[in-house]
Amino acid sequence: MDYGTLQGILTIIVMVVFAGIFYWAYSSKSKAKFDEAANLIFSEEEIATQANNSGDNK
C-alpha cells in the first residue's frame, strides 16, 4: 500500500464522517433538541439565577 492509496482511503473516511455529521445535524430527530438549546438563553429561570448570583458575596 503506497502513500496515494492511504490518502484516498483517508479521504473517503473523512467524507463519510462529514456526511454523517451533516445528516445528524439536519435530521428531523435533532430539530427539537437544537430548538430547545437555541432558546436556553431566553429561559426565565436562567435569567433569574444569574441576577441573584451577580452580586458580590462577601
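Of the 58 residues in the protein, 3% are classed as buried, where buried denotes under 20% relative accessible area, exposed over 50%, and partly exposed the range in between (1.4 Å probe, protein chains only). The structure is a predicted model, in which local features require a pLDDT of at least 70 and side-chain atom pairs count only at pLDDT 80 or more, whereas totals for chains, interfaces and linings use all residues. Residues are numbered from 1 along each chain as its sequence is written, and side-chain values use heavy atoms, with hydrogens and water left out.

The protein contains three helices and zero strands, arranged along the sequence in the pattern α-α-α. Helices (H or I, at least four residues) and strands (E, at least two) are DSSP runs, numbered from the N terminus. The mean pLDDT, the predictor's confidence in each residue on a scale from 0 to 100, is 85 for the protein, and 79% of its residues reach 70 or more. Among the elements, α1 has the highest mean pLDDT (96), and helix α3 (residues 44-53) the lowest (67). Where pLDDT is low, the predicted coordinates should not be read in detail.

The protein exposes about 5800 Å², of which carbon and sulfur atoms supply 64%. A nonpolar patch on the surface is formed by M1, L6, I9, L10, I13, V14, V17, I21, W24 and F34, which together have about 1000 Å² of accessible area. Patches consist of residues with over 30% relative accessible area and no salt bridge; like charges are joined within 9 Å, and nonpolar side chains (Val, Leu, Ile, Met, Phe, Trp, Tyr) within 5 Å. Helix α1 (residues 3-26) contributes the largest share of the nonpolar patch, namely eight residues. L10 is located in helix α1 and counts as exposed because its relative accessibility is 52%.

Three aromatic pairs were found, under the rule that rings of Phe, Tyr and Trp (its six-membered ring) pair if their centres lie within 6.5 Å, with planes under 30 degrees apart counted as stacked, over 60 as edge-to-face and the rest as tilted. The ring centres of W24 and F34 are 5.4 Å apart and their planes stand at 80°, so this pair is edge-to-face. Because W24 lies in helix α1 and F34 in helix α2, the pair ties together parts that are 10 residues apart in sequence. W24 is partly exposed, at 48% relative accessible area, and F34 is likewise partly exposed, at 35%. Ring pairs also link F18, F22 and Y26 into a cluster.

One salt bridge was found in the whole structure, the term denoting a side-chain nitrogen of Lys or Arg within 4 Å of a carboxyl oxygen of Asp or Glu. This salt bridge joins D35 and K31, whose closest N and O atoms are 3.1 Å apart. Both residues lie in helix α2 (residues 28-38), four residues apart, or about one turn of the helix. D35 is partly exposed, with 36% relative accessibility.

In the segment before α1 lies D2, which is partly exposed at a relative accessible area of 48%.

Note on methods. Accessible areas come from the Shrake-Rupley method with a 1.4 Å probe; for residues, only the protein chains shown count as cover.
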